[in-house]
2 protein chains.
Amino acid sequence: MLTTDQDLERYLDEHRDARLESYKALLRIPSISALPEHAADCRATAEWIAADLRASGVEHVEVAETGGHPVVYGDWLHADGAPTVLVYCHYDVQPVDPLELWESPPFEPVVVGDRILARGSGDDKGQLHLHLRATEALLATRGKLPVNLKFVFEGEEESGSENLDRWLEAERDRLTADFAVISDTGFFEGNVPAITVSLRGMMYAQVDVTGTAVDLHSGGYGGVVQNPANALAQIIASLKGPDGRIRIPGFYDDVVPLSDADRAAFAELPFDEPAYLANLGLPELVGEVGFSTLERRGARPTLDVNGIWGGFQGEGTKTIIPAHAHAKVSCRLVANQDSEKTFEQFRSYVEEIAPPGVVTTVRNLHGGEPSLTPIDHPATQAAARALTATFGREPVYIREGGSIPVCASFERILGLPVVLLGFVPPNQHAHAPNEWMDLNNYELGIRAVVRMWDEVAKLDAAGLARPG
Amino acid sequence: MLTTDQDLERYLDEHRDARLESYKALLRIPSISALPEHAADCRATAEWIAADLRASGVEHVEVAETGGHPVVYGDWLHADGAPTVLVYCHYDVQPVDPLELWESPPFEPVVVGDRILARGSGDDKGQLHLHLRATEALLATRGKLPVNLKFVFEGEEESGSENLDRWLEAERDRLTADFAVISDTGFFEGNVPAITVSLRGMMYAQVDVTGTAVDLHSGGYGGVVQNPANALAQIIASLKGPDGRIRIPGFYDDVVPLSDADRAAFAELPFDEPAYLANLGLPELVGEVGFSTLERRGARPTLDVNGIWGGFQGEGTKTIIPAHAHAKVSCRLVANQDSEKTFEQFRSYVEEIAPPGVVTTVRNLHGGEPSLTPIDHPATQAAARALTATFGREPVYIREGGSIPVCASFERILGLPVVLLGFVPPNQHAHAPNEWMDLNNYELGIRAVVRMWDEVAKLDAAGLARPG
């Protein structure tokens with residue numbers, strides 16, 4: 001194994017078992033931010049992290065109120081003259097349904113071979129924990145950090161970061177930095193080290209179609225009234241063509257087209273599409289015509305139903321016309337689309353195509369903006385050197401399909417360039433049953449973070465400001 | 001009140017309270033045939049009815065095994081020379097979800113004004129109970145019935161009558177009769193006495209669309225894979241055009257077109273469409289273009305989603321591509337469509353239009369055939385005279401939108417003409433929360449049944465055989 005420095009490596013080696021136990025303890029708290037009944041668990045998680053930071057020697061540690069689940073803040077600012085980095089992870093996790101598909105309980109972490117299985121093991125408690133341990137090891141062995149760090153650990157990422165922007169606005173003075181590191185992304189297919197340079201934004205809406213106050217007998221009323229579930233299917237089917245193109249007028253207006261260089265970069269990525277397909281177990285991959293799989297994932301917007309329901313869902317038959325039907329529909333957005341503008345286009349189109357005889361309403365549940373970071377930014381290059389030294393190969397630069405709204409918030413509210421340095425393997429079942437994290441990625445991730453700070457310490461802080 | 005004969009009317013008057021208590025007792029047993037956990041309740045209901053028949057003096061009473069929920073059989077065959085009538089009702093009821101919309105618990109009947117509220121109050125325990133009480137009153141006051149009766153009370157009507165046909169085949173010799181009376185229909189809009197001369201059949205299928213083994217992160221996979229819920233919506237939307245015409249090839253091939261006389265009869269029905277619409281609380285009625293509301297309900301086939309589900313249904317947002325999505329889809333069929341043939345057309349069309357990248361399967365959950373009875377049949381006319389004498393106005397003849405598969409079974413297996421003599425008011429929330437029955441219809445229904453038997457006793461049994 002490549003080492004950082006001998007004392008630090010010895011420290012990490014001696015604390016391996018304790019580190020795993022601490023990781024498991026963090027995973028055991030069911031911090032599901034979307035479910036009100038887990039509010040106390042979210043707070044307990046924040047307190048757990050705050051105590052851990054304090055024990056390592058991080059200062060000004062605070063479980064900060066936001067109006068929702070708290071943010072954990074802490075800093076260490078004694079690296080005079082060195083750059084200051086804002087480190088972001090989130091401690092909240094996705095809901096766990098369908099629970100019956102989990103091979104082990106989601107909040108009882110188990111290690112199987114090189115994997116640790118639990119909700120949040122990768123997204124994002126595992127990556128947060130890796131930063132905690134890198135900080136602990138540095139302070140324990142060197143008595144100091146090579147750079148100034150400000151930690152911002154959020155508790156509402158999986159439920160829309162409702163309160164974060166307001167908190168960032170209010171705390172702007174305390175959060176000055178040279179750039180931000182967000183660890184909530186992952187490696188490329190084949191577990192290839194990667195730096196994410198682009199994220200998609202999101203427009204998340206709910207469509208509600210309402211007919212009568214109660215379900216109707218489908219014999220007595222079939223053919224007479226509009227069926228809300230049929231109407232909903234009609235609406236959804238009208239949103240996207242069989243060519244994968246979204247039909248909402250104006251939807252693509254602001255999309256930055258892919259340049260020849262962009263397309264060449266996508267084509268060069270070491271992507272084993274047959275293996276990827278086999279792993280998914282699907283008959284074929286499907287998406288917007290005219291774009292490769294990686295282009296569709298990284299650089300093209302899309303539209304997906306995240307949930308749909310209405311009427312009878314039990315075994316057997318029930319002969320009703322459902323009183324109402326519902327769908328959650330979201331679009332992933334790319335630079336330079338705007339989530340609010342997209343929602344308005346979506347609402348206006350749905351209202352236009354809504355079938356007669358029922359009442360259709362559209363609600364905006366969440367919006368987040370897309371983000372692009374330059375590959376040649378000095379902080380991105382420092383991260384690349386840290387990954388190369390730790391994992392023995394140069395990272396690839398990828399455009400990820402997911403959304404991390406805080407990325408755009410850091411850029412917009414705090415004026416910070418963002419480096420997306422994440423360590424989860426692809427296909428780690430984020431948001432799904434049996435989420436797992438690769439323990440080698442986790443362990444090497446700690447070393448990579450240490451090396452990243454050592455690399456950043458060599459940079460001239462004045463050269464790190466966000467360009468233009 | 002118009003009376004049948006004085007002794008009988010006095011008897012009914014004296015037993016009014018006991019009758020209501022008995023009615024409520026029958027409604028209290030939650031005989032939901034579709035849910036396996038209610039199997040014992042279905043059997044208890046059958047036993048309750050058998051005991052009631054025996055107490056009235058009906059003979060050969062038996063809780064007959066069918067392989068599913070039992071049939072209650074009983075007969076009284078001492079009216080020498082008079083016609084023999086097979087009387088059919090069903091004692092099972094629909095599921096009660098969504099339970100939270102019931103104003104009182106579905107199996108705790110309450111009387112509010114002229115209404116009794118409970119699951120099964122109209123469909124069909126109330127009508128079954130009305131026959132029990134007519135029989136009891138006749139035997140108690142006259143010591144005999146005017147006609148020979150064979151009771152067949154089924155327990156699987158609401159779950160597809162899976163076992164009835166086999167039982168009818170096996171019991172064919174015991175079930176010989178001159179015609180059948182089925183009491184599982186209702187009055188016309190405005191609570192106008194009616195005889196149903198046509199019922200729709202049904203094809204009920206489930207469409208399952210399967211993608212990956214687990215839900216996928218909609219960021220990581222959005223735009224790359226087919227979304228099963230989007231695909232399902234696409235399939236459903238392709239089944240019916242905005243003109244309300246079903247697009248399944250061959251679907252209309254066997255439909256008997258409406259004659260000018262048929263259309264004139266529909267137009268003459270006393271139908272208050274604005275009141276009907278206002279009662280439903282809908283912005284407008286919607287259906288196949290070129291046909292009136294009553295024509296669409298009574299004489300045209302249709303296609304409805306009875307239930308749809310897939311992915312996240314909770315509050316807030318969950319950013320997944322559902323692993324699978326499902327819909328229950330049924331068609332109401334009219335003469336001379338065939339449910340099996342329709343299912344094959346449906347399956348073949350769904351398979352043809354199923355989007356790529358997912359696996360789509362179609363299952364046949366249930367089929368039932370449409371039915372038409374001649375208005376001028378002597379038994380139909382006897383029923384008309386009984387209704388006229390009891391309710392003070394001539395009945396209208398209607399084509400109902402619902403399906404009673406047993407109707408076609410009686411015609412096909414037993415060779416019996418069928419008279420549909422039912423007493424529930426329209427808009428009584430059959431299959432929905434807050435099902436109710438009009439207690440005047442129930443009380444007068446008992447008198448009408450007595451009169452019906454007195455009218456049938458005057459008929460020449462030889463003239464009752466099923467024509468053609």
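**Exercise 1.** Work out which side chain of opposite charge is nearest to the buried Lys125(A).

*Solution.* Start with the location: Lys125(A) sits in helix α4 of chain A, residues 125-142 (helices are DSSP runs of H or I, at least four residues, and strands are runs of E, at least two, numbered from the N terminus). Lys125(A) is buried, meaning under 20% relative accessible area with a 1.4 Å probe and protein chains only. Next, look for a partner: Asp41(A) is the nearest side chain of opposite charge, but it's 8.9 Å away, and Lys125(A) has no salt bridge (that takes a Lys or Arg side-chain nitrogen within 4 Å of an Asp or Glu carboxyl oxygen). Leaving aside neighbours within four places in sequence, its contacts (heavy atoms within 4.5 Å) include Leu26(A), Thr45(A), His90(A) and Tyr91(A).

Keep in mind that this is a predicted model, where local features need pLDDT of at least 70 and side-chain atom pairs 80 or more, while totals for chains, interfaces and linings use all residues. Residues count from 1 along each chain as written, chains are lettered from A and ligands numbered from 1 in written order, and side-chain values use heavy atoms, without hydrogens and water.

**Exercise 2.** Decide whether Gln94(B) is buried or exposed, then list what it touches.

*Solution.* Gln94(B) lies in the loop between β3 (84-90) and β4 (110-112) of chain B. Gln94(B) counts as buried because its relative accessibility is 2%. Beyond four places in sequence, Gln94(B) is in contact with Lys318(A) and Thr319(A), plus Ile32(B), Arg119(B), Glu158(B) and His431(B).

**Exercise 3.** Find the bridge partner of Val63(B) in β2(B).

*Solution.* The partner is Val72(B).

Notes:
Two strands pair if DSSP finds at least two bridges between them. Buried means under 20% relative accessible area, exposed over 50%, partly exposed in between (1.4 Å probe, protein chains only). Lys and Arg count as positive and Asp and Glu as negative; His and the chain ends are not counted.
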